[in-house]
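Me: Please show me the chain, and then let us go through the fold in questions and answers.

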Amino acid sequence: YVGEGRDYVTIPPSDELKQFVTKKVFVPAKGGTIDAWSEIASVWGEPGWEDHCFAFFSAFGSPLFAMSTFDGCLVCIQGPSGTSKSTTLDLINSFFGHPFDLRNVVRTTFNSAMQTQGVLNSISATYDEVGKYNPKALDDLVHMISQGRGAGRMKSQVNANRENNTSWQMIAVGGSNVSIRKKLQANQRAGTSEIMDIDAEEMRLIEIPINAPPDVDNAIDRFRQGLLDNAGVAGPVYVNHLITHQDEAREEVEKKRKEIEKEYSFEPKERFRLQVFASSLTGARIAKRLGLHTIDVDRQEEHALKNILGNMRTESKERVIDPVDQLSHFLNENLGYTLTLTHDIKNRTEGGVIVPAEPHQVLRHPTGSKVYIRIHQDTMKIYIDRAYFMKYIEAHAGHPEEVLAGLHAEKLMLEKTHIMNHKVKKTLGGGTVLGGGGIRVVIIDGARLEGLP
C-alpha cells in the first residue's frame, strides 16, 4: 500500500477482496516499531483519558469477543468536537492497519460500510460521526452490528434474493457529537424506527460520554504522524499469540466474565455488555503482557465498571431529558449557522426624533448563507429559529415541548417564547448582507446560560 507518501507491504489478497485490501488493509508500516506504537497507545492510560481508554481496549477485546457466541456490539464515545473521538478511532485502526483510511465516515455508503465490516470480521470497525446518520441508517447500523451480518438484498430486475455472505463477530467502535441512545429513542417515538424492542437494542450499545482529555490539541498533533509511521505493527503480534493460545485466552475471558458478573450483578439482558467488558479488559491484560502498552489495566477496569457501566445503568432507568444539555449541544453543533454581532441594530426615538443605530461589528459570520442563531454580545440575547430548533430536539431527544418547558423553568427563556403559539419574530440576518424576513424565534438569556453549572 502506498499512502501519505509512505510505502507499505500489501497483504496478498483474494480476487474478491483485492480492491478493498490494496486500498485499506496492510501489514506493518516499514520502519514501524512496537515500542513506538506502545508509547503512543499508553497515553490513553493517563489520568483524564479513562473513558477514551475503555473504547481503545475494544481493539484488544474484539478478537476475543469473536471467540464467544455473540456476533457484535457497538461501543460509542460521545462528546463535543475537540474531545479526541476521532484520534481514539485512529489509534484503534492503527492496531492492524491504516489509522485514517479504515475509519468509516458519514459519506461512506451503508452497503460499503457493511462490506468493510465483513472483511474485517473480528477486527474492530470504526465509525466517525455516527450521530449524523439518518434515522433509518442509524437503526440499521446498530441492529446489523449486533446481528453479525448485513441485510439481504434483491437481485437487480429479478424477484429473488441475492446471496449475502457478509458476516462478522466484533466490537465496533463509533464516535458521535450527540447521544446515539437518545436518537434511537427519538426515532422510535417519531415512528421512523423499524426496531421493535428499543430497550433490547440499547443493551447492544455501550455509549460513553467523554470530555476533552488533558492537553488534547498537542496530543492530536503529536499522535497523527506517529500512528501512521507505526501502523499495523502491534496487531499481528497480538493475533499470533491468540492463535497459538486460544484455549488459554477463552478461559481467561470466561474467568473475568464470571468474576464481574457476580461482583456487579449483571442481569441476563446485559449479556452483550458483559461479554464486551470481559473481552476488552482481558484483551488489554494480554496485550500488556505482550509489551503492547504499559497502561494500568486494574485502574481502568475499576473506572469502566464503576463509572461507565454505572452511568449506563442509571441512564437506562431514568431516561431524563436535560433541556440545558440539549440547548448546549444545539448551540455547539450549529456554530456554522451562527451570526454574532456587537449589539442589536435598531433605530430609537428620542423626543420624537429617530436616532439611527450606532454602527455595529459582525464578530462571527455563518459559514454558509443560512442563519439559524443570532447573538447580541452586549445583551447576550440568543435568537434561535424556532422551527429549526424544534426539529433538532425532536431528532436528538424527542419531546421538544418538554425541552422548552424545561428551559423556561430554568429561567432561560425570554419574552414568553416558550409558549407554542407565541408571535415573537426576528430577522436573524438583519443588518447584514444575509438579510431575510422575520421568523418565529426562541429567545435565550445567554448571560444566565453561561452561569449555569
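Predicted model: local features only at pLDDT ≥ 70, side-chain atom pairs only at ≥ 80, totals over all residues.

Reply: Residues are numbered from 1 along each chain as its sequence is written, and side-chain values use heavy atoms, with hydrogens and water left out.

Me: What pLDDT does the chain average?
Reply: pLDDT is the predictor's confidence in each residue, from 0 to 100. It stays under 50 over residues 1–18 and over residues 152–164. At least 70 is reached by 77% of the residues, and the chain average is 80.

Me: What percentage of the 453 residues in the chain is buried?
Reply: Buried means under 20% relative accessible area, exposed over 50%, and partly exposed in between, with a 1.4 Å probe and protein chains only. Accessible areas come from the Shrake-Rupley method with a 1.4 Å probe, and for residues only the protein chains shown count as cover. The chain exposes about 21500 Å², of which carbon and sulfur atoms supply 49%. The buried share of the residues is 51%.

Me: In what order do the five strands of the open sheet stand?
Reply: Helices (H or I, at least four residues) and strands (E, at least two) are DSSP runs numbered from the N terminus, and the chain has 17 helices and 18 strands. Two strands pair if DSSP finds at least two bridges between them. The pairing in this open sheet is parallel, and the order is S5-S6-S9-S4-S10.

Me: Why is one side of S5 and of S10 left without a neighbour in the sheet?
Reply: Strand S5 covers 103–104 and strand S10 covers 205–209. Each has a single partner strand, so one side of each has no neighbour in the sheet; both stand at the edges.

Me: Which residue in S9 stands opposite Thr126?
Reply: Strand S6 (residues 126–127) pairs with strand S9 (residues 170–176) in the parallel sense over two bridges. Opposite Thr126 stands Val173.

Me: At about what angle does helix H3 run to S9?
Reply: Axes are lines fitted to C-alpha atoms, for helices over the stretch in contact, and angles run from 0 to 180 degrees between N-to-C directions. Helix H3 (residues 50–65) lies across strand S4 (72–78), S9 and S10, and its angle to S9 is about 155°. Helix H12 (residues 271–289) also packs on the sheet, touching S4, S9 and S10, and its direction makes with that of S10 an angle of about 65°.

Me: Is Pro99 buried or exposed?
Reply: Pro99 is in the loop between helix H4 (85–94) and S5. Beyond four places in sequence, its contacts include Asp90, Asn93, Leu227 and Ala231. At 0% relative accessibility, Pro99 counts as buried.

Me: What is the relative accessible area of Glu129?
Reply: Glu129 lies in the loop between S6 and helix H6 (135–147). Its phi is positive, about 55°, although it is not a glycine. Glu129 is partly exposed, at 33%.

Me: Which residue in S14 is the bridge partner of Leu341?
Reply: In strand S11 (residues 338–341), Thr338 and Thr340 point one way and Leu339 and Leu341 the other way, and all are buried. S11 runs parallel to S15, joined by four bridges, and pairs with strand S14 (residues 362–364) in the antiparallel sense over two bridges. The partner of Leu341 in S14 is Val362.

Me: Is His376 buried or exposed?
Reply: His376 lies in strand S15 (residues 373–376). Beyond four places in sequence, its contacts include Leu341, His343, Asp344 and Tyr383. At 1% relative accessibility, His376 counts as buried.

Definitions and conventions:
Contact = heavy atoms within 4.5 Å.
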